[in-house]
Amino acid sequence: MTGSYKTPTGDETPTPTASATMDPEIEKTAEISFKIREAIRQSLPAPKEQFFTVMVPGKVVNFADFTEGFDSDGHLTTPVLPTSVELAQAMLCDDMPVFGPVQLGPTGRSVAGSYDMAISKLVPTGTTIGRDIVEGAEFDNLPEAEKQHHKAMAWLTERDPKHDNKTRVEVYGTKQAAHTKAVENKIKAFDDALTRAMNDPLNTSIASRRAAYDNWVNENSRTYRNSVQAAYMDWIVNGNKEEVEYWFSIVDRQTAMACVEASKEAMRNAVVMDTDGSAEFNKVRLSPTNWAVIAHQKAQSGNNQTRTVEWYTWEVSRLKKMNSLLDAMMATTPQGDTPVAAGTAAIQNSDTHLTETMTKFLKARDAYEKAERTDPKPSKNERQALYKTYNDARSELDEEKLKKNKEDVQAITHFAQDAQDKMHKKLADEGMAPKWKQENADKITQYTAAINALLKSQEGPDNGLIQRVARDAKIPDPYPDPSVPKKEGPDYFTAISVEISSSSSEETSTSHATAASFGASFAYGLFGLSASASHSDAASDAAKAMASSSVKIAFECMRVDITRSWLRSELFFDSELTTGPKQVISPGYGRLRALLEGTAKPNAGESIQDEIQRYSTFPMYPTAFLLAANVVLEISGETSAIQNHFKTSSTSGGGSLGYGPFSISSSVSHTQTSTSSEFKATASGCRASRITIKSPQIIGWISQMVPALPRLKQPKSTGGSDDEWSKFWSKPATS
């Protein structure tokens with residue numbers, strides 16, 4: 001797989017080259033995913049220090065796991081998120097992204113576990129002030145910060161001239177405690193006065209209670225305020241409050257390693273237990289908080305804002321067929337020849353016969369069972385006669401029930417025919433059909449004009465291809481028109497469209513007569529893909545048909561941000577921290593991006609795979625995921641194999657199909673649930689079709705890259721050339 005694509009900065013870079021052992025179907029899937037990934041990056045740009053990994057296939061969201069505790073409008077109905085939702089979110093966001101742009105399936109590596117291993121590699125860059133100085137070192141040879149620390153400690157621990165038996169810190173503590181006690185006494189006195197006023201039996205109304213409390217406040221408030229003020233003044237003057245706090249601020253410095261340990265402690269506290277108690281997961285917060293409700297509403301509305309030429313063509317064809325149907329219904333004479341009253345009488349008559357037969361059966365059964373229980377029993381001939389009567393009654397009852405079922409079906413048919421006759425009468429007599437026909441005709445005119453406008457726009461300056469070229473040339477997009485009214489309420493979804501042209505490459509994969517399974521390893525990006533799937537004959541043919549067809553994709557995408565209170569990203573930027581000897585975490589943004597994209601050149605004496613392995617612990621971590629909804633695939637080409645797959649799946653219990661990051665579930669293609677996928681042949685017959693995927697699914701992860709650890713050596717001058725800084729950012733970190 002070769003070629004090139006544009007980066008967000010406009011640079012053209014070659015796509016990663018697949019290994020010679022890569023399965024051709026996986027290679028084609030990766031190629032399609034790359035193109036979709038680039039379209040998403042163009043529509044949802046991210047900073048250079050963030051990396052987008054597309055997920056193949058997408059992860060379909062089970063809303064039941066994430067919507068508990070929210071009402072239908074997305075408002076939280078509980079003070080905090082339910083534990084089940086916290087657990088589901090923690091499990092969803094705890095998988096480390098793969099080291100590459102395309103990911104097939106989970107990696108199985110925990111974000112929390114990887115972060116814990118990464119920060120365990122951090123060590124201080126130098127000595128810690130006040131702790132790591134060699135005993136006996138001369139004061140004049142100490143660093144300036146260490147001198148300040150020594151001065152502060154000496155001043156704080158000296159005896160206070162006003163209090164010979166106490167140090168300045170001890171005097172400060174005594175005066176602070178006295179001020180605190182004065183404040184506590186004031187608060188307690190006011191609370192006690194309010195309690196007495198409320199409980200006094202002489203105060204029979206709220207007004208009298210309030211008056212009693214106000215009187216006490218007027219009489220005593222000045223005394224307590226003066227007491228607090230006196231204690232505060234004593235603290236400032238005799239307790240050296242300002243001086244002690246100044247010198248203490250020099251001593252009270254939290255070390256970088258203390259921050260590392262605080263992060264580990266936060267990790268241990270921010271956990272939620274699995275339902276069976278076998279594992280713990282670290283909590284996360286997602287934004288927007290009600291993301292699952294928003295996605296569910298989007299799926300139910302089916303409100304994809306991207307309308308293509310194919311969509312309009314489909315609707316025009318459908319509306320024309322509807323008008324033909326209305327004409328036929330208006331011209332058709334009602335065929336009902338049995339009135340509804342006859343159907344009702346038939347049901348009543350069959351009910352009477354069934355009741356009589358059931359009564360006869362119950363009497364015969366009771367007589368037979370009674371004879372069997374009687375002691376002494378009747379003669380054998382009598383018992384046989386009773387049993388024959390009982391058996392005949394049971395057979396008659398079975399026949400009557402069958403007859404009843406047939407008559408009910410006939411009656412229902414009469415009712416349905418009568419309803420259809422009434423609809424025909426309404427269409428003809430009340431003018432409903434002409435009204436609907438006119439509405440459809442108006443839409444046909446409107447959609448036809450939209451088709452012409454879209455076709456014309458492809459020739460003008462707003463053409464999508466021209467817009468992409470303009471962006472590459474650093475020409476900004478048109479400024480939003482202020483005259484266009486904005487939609488009320490936030491819309492978290494962005495409409496995205498991309499076109500995948502048909503492939504001209506020769507078919508190299510072999511389809512087996514029975515279901516064939518293939519597996520591959522996707523350990524490090526596209527240097528090895530990881531997948532496992534089972535393709536039936538129909539699914540294999542459908543996948544090949546889609547891969548060889550031109551496909552226009554329209555979908556809506558929402559970014560959901562991930563916040564981890566226990567993950568302290570500032571630790572990786574702290575200049576007082578670095579990695580220990582022979583320990584590495586990240587090579588830096590430039591080199592890491594090149595490794596992730598597959599464009600890096602190997603260093604001397606080390607292969608790309610070995611370098612990736614060195615940085616595989618925690619080079620980046622997911623900070624957001626992308627959720628796609630209302631995906632529409634407009635397929636141009638031979639689609640009979642795709643149609644056959646959907647028919648086979650719907651009758652044999654289900655199946656699945658994928659196109660890039662989009663997972664297509666054909667097992668529920670005829671339902672109206674939000675998890676369904678639907679296939680329809682368009683007006684062009686077997687040469688064109690449409691697949692609608694209603695199920696929202698996670699199609700990618702946005703990850704924050706970790707800065708270089710160990711630290712990179714900066715260029716000699718901060719005013720260096722762009723070329724110097726480019727080399728600096730792309731230089732790998734060394735241990």
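**Asn630 and strand β16**

I began with Asn630, which lies in strand β16, where helices (H or I, at least four residues) and strands (E, at least two) are DSSP runs numbered from the N terminus. Asn630 is not a glycine, yet I found a positive phi of about 50° for it. I also looked up its cover: Asn630 is buried, with a relative accessible area of 5%, buried meaning under 20% relative accessible area, exposed over 50% and partly exposed in between, with a 1.4 Å probe and protein chains only.

I note here that this is a predicted model, in which local features need pLDDT of at least 70 and side-chain atom pairs count only at pLDDT 80 or more, while totals for chains, interfaces and linings use all residues. Residues are numbered from 1 along each chain as its sequence is written, and side-chain values use heavy atoms, with hydrogens and water left out.

Staying in β16 (residues 620-636), I turned to Thr623, which counts as buried because its relative accessibility is 13%. Leaving aside neighbours within four places in sequence, I listed the contacts of Thr623 (heavy atoms within 4.5 Å) as Gln50, Arg559, Val560, Asp561, Ile562, Ile702, Ser703 and Gln704.

**Backbone in the loops**

I found another positive phi of about 50° at Asn240, which is not a glycine either. Asn240 lies in the loop between α6 (206-237) and α7 (241-251) and is buried, with a relative accessible area of 13%.

I then looked for cis peptide bonds and noted the one from Ser287 to Pro288, with omega near 0°; Pro288 is in the loop between β10 (285-287) and α9 (291-301). The bond from Leu709 to Pro710 is also cis, with omega near 5°, and Pro710 is placed in the loop between β21 (697-705) and α19 (722-730).

**Helix α8**

I read helix α8 as residues 256-269, 14 residues that reach 20 Å from the first C-alpha to the last, close to the 20 Å expected at 1.5 Å a residue, the expected span being 1.5 Å times one less than the number of residues. Which residues of α8 are buried? I found Ala256, Val260, Ser263, Lys264, Ala266 and Met267. They cover an arc of only 160° around the axis, which puts them on the same side of α8; the arc is that of the directions from the helix axis to the C-beta atoms. The buried residues of α8 pack against α3 (111-119), β5 (122-124), β8 (271-273), β9 (280-282) and β15 (577-579), whereas the face turned away from the buried side carries the exposed residues Arg268 and Asn269.

**Aromatic rings**

I counted 21 aromatic pairs in the structure, where rings of Phe, Tyr and Trp (its six-membered ring) pair if their centres lie within 6.5 Å, and planes under 30 degrees apart count as stacked, over 60 as edge-to-face and the rest as tilted. Tyr115, Trp566, Phe572, Phe618 and Tyr621 form one aromatic cluster.

I also looked for charges over rings, which require NZ of Lys or CZ of Arg within 6 Å of the ring centre and within 35 degrees of the ring normal. Arg168 lies over the face of Trp155, 4.3 Å from the ring centre, and the charged end of Lys241 sits over the ring of Trp235, 4.9 Å from its centre.

**The whole chain**

My last entry is that the chain has 19 helices and 21 strands, and that buried residues make up 39% of its 735 residues.
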